[in-house]
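Me: I'd like a close look at a single part of this one, please. Could you walk me through it slowly?

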Amino acid sequence: MTRSLGSGLGLTDDAVADFELVAHELAAALIPVAARDADVRYEYREEAAGIRAVITSHATVASVLHGLGWRLVRSLVTDLAQGCGSFDRTRAGHPVTVGFSWPYPQG
């Protein structure tokens with residue numbers, strides 16, 4: 001889905017690969033700590049300057065982005081933000097949101 005979106009919006013092949021890598025890296029950070037029966041949801045919005053991606057889930061830990069993956073993602077995107085709410089007993093996890101912006105190609 002991410003690859004198709006990037007290609008459809010006119011990103012270069014390299015940018016599409018990087019965009020897809022970021023989405024995969026964020027999923028790879030969320031899935032191992034996902035609460036039981038949690039969904040990982042991706043939302044993409046077109047904005048004036050680029051694409052805004054928001055990924056949400058429920059995680060068993062409060063912080064899901066750290067280490068090498070965090071540095072990799074941080075080097076590729078703008079406006080990276082991670083939010084985490086208080087533990088939700090009914091969902092058996094913390095509501096987690098990770099968002100980032102990907103600029104449209106210049107030119």
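How many aromatic pairs does the structure hold?

Reply: There are four aromatic pairs here. In one of them, the rings of Tyr42 and Tyr44 have centres 6.2 Å apart and planes at 25 degrees, so they count as stacked. (Rings of Phe, Tyr and Trp, using its six-membered ring, pair if their centres lie within 6.5 Å; planes under 30 degrees apart are stacked, over 60 edge-to-face, the rest tilted.) Ring pairs also tie Tyr42 and Tyr44 into a cluster with Phe19, Phe100 and Trp102.

Keep in mind that this is a predicted model: local features need pLDDT of at least 70 and side-chain atom pairs 80 or more, while totals for chains, interfaces and linings use all residues. Residues are numbered from 1 along each chain as its sequence is written, and side-chain values use heavy atoms, without hydrogens or water.

Tyr42 is partly exposed, at 24% relative accessible area (buried is under 20%, exposed over 50%, partly exposed in between, with a 1.4 Å probe and protein chains only).

Now for the sheet. Its four strands form an open, antiparallel sheet in the order β1-β2-β4-β3. β1 (41-46) and β3 (78-84) are at the edges with a single partner strand each, so one side of each has no neighbour in the sheet. (Strands are DSSP runs of E, at least two residues, numbered from the N terminus; two pair if DSSP finds at least two bridges between them.) Six bridges join β1 to the antiparallel β2 (residues 50-59), and Tyr44 has Ala53 in β2 as its bridge partner.
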